[in-house]
Amino acid sequence: MSEHPHVEIYCKEECPYCEKAKDLFDSKGVEYETYNVTGDDERFDEMVERANGRQTAPEVFIDDELVGGWDDTQALDESGELDEKLGIAAPDGGVEHRKLIISGSGIAGLTAAIYAARSNNDPLVLEGDEPGGQLTLTTDVENYPGFPEGISGPDLINNMKEQAQRFGAEVKNGVIEEVDDSSRPYRVELSNGDVYTADAFIAASGASARTLGIPGEDDLMGYGVSTCATCDGAFFRDEEMLVVGGGDAAMEEANFLTKFASKVYLVHRREEFRAEDYWIDRVQEKVEEGEIEIVRNAEVTEIHGSVEEGVDTVDLVRNPEGYPTDKLDDPETEEFEMDVGAVFLAIGHTPNTDYLEDTAVEMDDAGYIQTEGGKGGGQTKTGVPGIFGAGDVVDYHYQQAVTAAGMGCKAALDADDYLETAELETEETATEAAAGDD
């Protein structure tokens, strides 16, 4: 490797994962070159050739060696191998104490950071493996109060991040491996080996996109299968595309993909959608215009294709009563095939709470954190004093940006109350001890 590694990042416009890759190298103080492949066929073909056929962005290279996409780059960073490739000195292994640590840099975590910083609690925000959370994958946010013309998800997150930092919050790239609540202050260990202790902790680590778990899905992820239409839709221009899901995200992705696709198929496993009426109406307009076709009561069972050629066809089953994979022996269940060039998954999310599994924080069967709730203060408290939950790690029902922000605010206020009380208890204990010595 050269003395100063040559870092290259192939990017596209309006690509949140590209921005995450650049933010990661920025946070390390590493210079890099970027190549915009949007609308540049020659540069795009160059990227595909160098990336062994991958057609998604970003693609990262260090000294002409393929690192891969965002997931690959993030995994190397978590293991510490990325720093080795960049020639960055490893940390000295010391333990740093922080008054408050916030896990997650989505809208809940950043709102908590704004309020915590204004309360002089010097919060450290650890971004996790999806910096900015789900909003960075959203093209337009049109229902967040205060933006009558709407605002892009990445812009909203970046504005909040700058606001939190202006008040004194520190934001670092890092993935929490484990929280130890067996003693106080709590011990927080990152996947790269860094260790912190904290008097209080806010879990606002959000949720990650689910996948179907069907044949072909893992093999073709990044080669025509994606969980982010905003990131990858433009790579499959003029292809027929398929979106799986029936909620707001699926409707939004199907609507977005009409910019590029010759036709979009929206596949949902039952008759009724759970999306809000606004999105159903927008998609219905596209249906009437012939840009979207809805395939109800159907599920994808296998994705066919190759790394070299991408997605070729998908196998599906359909039953008039819905949920056809539960009714494969039903004579009314039909099997059929569709020719599409890309498959986008928008089927919900799983809360990112694995790092809390060995703590006394109570979670439900799906991994959502159980908080006190109710009326009055302390609604975001968990069963462990000093640990609080906010956003999509708690909320499996509303899952809206504005509700996540509200919970982030509550968590910061609850943490502040806890920290003030803890300080009082310490002072009272010291006073009582001194009195006993008299």
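Modeller: Y323 is found in the loop between β17 (310-318) and β18 (334-339). Keep in mind that this is a predicted model.

Biologist: What is phi of Y323 near?
Modeller: Phi of Y323 is near 45 degrees, a positive value in a residue other than glycine. Most residues other than glycine have a negative phi.

Biologist: And how accessible is Y323?
Modeller: Its relative accessibility is 30%, so Y323 counts as partly exposed.

Biologist: Which other residue has a positive phi without being glycine?
Modeller: N120 has one, with phi near 60 degrees. N120 sits in the loop between α5 and β6 (123-126).

Biologist: Is N120 buried or exposed?
Modeller: N120 counts as exposed because its relative accessibility is 57%; the cut-off for exposed is over 50%.

Biologist: Switching to the backbone. Where is there a cis peptide bond?
Modeller: One joins A57 and P58, with omega about 0 degrees. P58 lies in the loop between α2 (41-50) and β3 (59-62). Another cis bond joins R184 and P185, again with omega about 0 degrees. P185 is in the loop between β8 (176-180) and β9 (186-190). For background, most peptide bonds are trans.

Biologist: Back to P58. Which residue is in contact with P58?
Modeller: Y17 is one. Leaving aside neighbours within four places in sequence, Y17 is in contact with P58, W70, L137, C228 and C231.

Biologist: Where does Y17 sit, and is Y17 buried or exposed?
Modeller: Y17 is in helix α1. Its relative accessible area is 15%, so Y17 is buried, the cut-off being under 20%.

Biologist: How far apart are the C-alpha atoms of Y17 and D71?
Modeller: They are separated by 8.9 Å, although Y17 and D71 are 54 residues apart along the chain.

Biologist: What about the helices α1 and α3, how do their axes cross?
Modeller: Helix α1 (residues 16-27) and helix α3 (residues 70-79) have axes that come within 10 Å and cross at roughly 30 degrees. The two helices are therefore roughly parallel to each other, angles under 35 degrees being counted that way. The crossing is left-handed.

Biologist: Which residues make that contact?
Modeller: On the α1 side they are Y17, K20, A21, L24 and F25, and on the α3 side W70, T73 and D77. By class, the contact of α1 with α3 has 5 nonpolar, 1 polar and 2 charged residues.

Biologist: How do α5 and α6 pack?
Modeller: Helix α5 (residues 107-118) and helix α6 (residues 153-166) pack at about 20 degrees, and their axes are 9 Å apart. They are therefore roughly parallel to each other, and α5 passes α6 in a left-handed crossing.

Biologist: Which residues meet there?
Modeller: From α5 there are I107, L110, T111, A113, I114 and A117, which meet L156, I157, M160, K161, Q163 and A164 in α6. The contact of α5 with α6 divides into 9 nonpolar, 2 polar and 1 charged.

Biologist: How do the axes of α8 and α9 cross?
Modeller: The axes of helix α8 (residues 248-257) and helix α9 (residues 277-288) come within 9 Å and cross at roughly 30 degrees. These helices are therefore roughly parallel to each other, and α8 passes α9 in a left-handed crossing. Contact is made by D248, M251, E252 and N255 of α8 and by W279, I280, R282, V283 and K286 of α9. The classes in the contact of α8 with α9 are 4 nonpolar, 1 polar and 4 charged.

Biologist: What is I202 in contact with?
Modeller: Apart from neighbours within four places in sequence, I202 is in contact with L100, I101, I102, S103, A112, F388, A411, A412 and A415.

Methods
Residues are numbered from 1 along each chain as its sequence is written. This is a predicted model: local features need pLDDT of at least 70, side-chain atom pairs count only at pLDDT 80 or more; totals for chains, interfaces and linings use all residues. Side-chain values use heavy atoms; hydrogens and water are left out. Axes are lines fitted to C-alpha atoms, for helices over the stretch in contact, and angles run from 0 to 180 degrees between N-to-C directions. Helices (H or I, at least four residues) and strands (E, at least two) are DSSP runs, numbered from the N terminus. Angles under 35 degrees count as roughly parallel, over 145 as roughly antiparallel, 65 to 115 as roughly perpendicular and the rest as oblique. A crossing is left-handed if the near helix is turned anticlockwise from the far one by less than a right angle, and right-handed if clockwise. Contact means heavy atoms within 4.5 Å. Ala, Val, Leu, Ile, Met, Phe, Trp, Tyr, Cys and Pro count as nonpolar, Asp, Glu, Lys and Arg as charged, and the others, Gly among them, as polar. Buried means under 20% relative accessible area, exposed over 50%, partly exposed in between (1.4 Å probe, protein chains only).
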